Amino acid sequence: MATSITSTNGNGKYKLGDAVNVTVNFSENVTLAGGNLLVTLETGATDRVVTIAPFGPANSATGTYTVQVGDISEDLEVITPLALSAGTLQDASGNNAILDIPAGQNIVDLKDIAVDGIVPTVTSITSSTTDDIYKVGDAVNVTVNFSENVELVGGDLLVTLETGATDRVV
């Protein structure tokens, strides 16, 4: 029987392209033959499936989930029960493994893993300065709005304004 699902990754937030290891633990050695073990993760509008290839005998198996565009979760969770694409998942005696995860043993219970595959975009560039004609030395306020909160890391955000023969950067 499956006893828990966890990750070797540390707690924290993972962004687009980051890999998260997902480990399924079993109460005894089992062998997966003739198909794949499918672990479905709740990742927002589109759930993602971690495919674990045939293995065994072993008491755990690991697959990798990569954060994709649009994925979002404040605390990564596995949708249970697990599934098989085909084949069998059995112990040495030929007993089929139970694919339900016990209460309190889901990755959401054991780890604090958030994922954010939402790419921020510029939604508008505006100005609070009134429409008018401005001369040398006058200030024009420029505001860049994003689809979500962003943090500028190193450097400056540059906006090029069409100002005639010579464009200006703010």
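Biologist: Hi! Which residues line the second largest pocket?
Modeller: The lining is made of K13, Y14, K15, L16, D116, I118, V119, P120 and E148. A pocket here is an open set of 1 Å grid points that fit a 1.4 Å probe, with protein on both sides within 12 Å along at least five of seven lines, and lining residues have an atom within 4 Å of a point. This is a predicted model, where local features need pLDDT of at least 70 and side-chain atom pairs 80 or more, while totals for chains, interfaces and linings use all residues. Residues are numbered from 1 along each chain, and side-chain values use heavy atoms, without hydrogens and water.

Biologist: Which strand gives the most to that lining?
Modeller: Strand β2, residues 12-15, with 3 residues. Strands are DSSP E runs of at least two residues, and helices are H or I runs of at least four.

Biologist: And what classes of residue are in there?
Modeller: The second largest pocket has 5 nonpolar and 4 charged residues in its lining, with no polar ones. Its volume, the space filled by probe spheres set on the points, is about 160 Å³.

Biologist: What about the largest pocket, which residues line it?
Modeller: D138, V140, V142, L161, E162, T163 and R168 do. That lining has 3 nonpolar, 1 polar and 3 charged residues, and the largest pocket's volume is about 230 Å³.

Biologist: Switching topic: how do the side chains along β5 point?
Modeller: They alternate along residues 48-52. R48, V50 and I52 point to one face and are buried (under 20% relative accessible area, 1.4 Å probe).

Biologist: Which residue stands opposite V49?
Modeller: T40 does. Strand β4 covers residues 37-42, and it pairs with β5 in the antiparallel sense over 5 bridges; pairing takes at least two DSSP bridges.

Biologist: How many residues sit between β4 and β5?
Modeller: The two strands form a hairpin with 5 residues between them. In the turn, G44 has a positive phi of about 100°.

Biologist: Zooming out, how many helices and strands are there in the chain?
Modeller: The protein chain has 1 helix and 14 strands. Its radius of gyration, taken over C-alpha atoms, is 25 Å, well over the 15 Å from the globule rule for 170 residues (2.2 Å times the number of residues to the power 0.38), so the chain is more spread out than a compact globule.

Biologist: What box do the C-alpha atoms fill?
Modeller: Roughly 85 × 30 × 25 Å, taken along the principal axes. Buried residues make up 28% of the 170 in the chain.

Technical notes. Nonpolar A, V, L, I, M, F, W, Y, C, P; charged D, E, K, R; others polar. Buried < 20%, exposed > 50% of the residue type's maximum accessible area, 1.4 Å probe, protein only.
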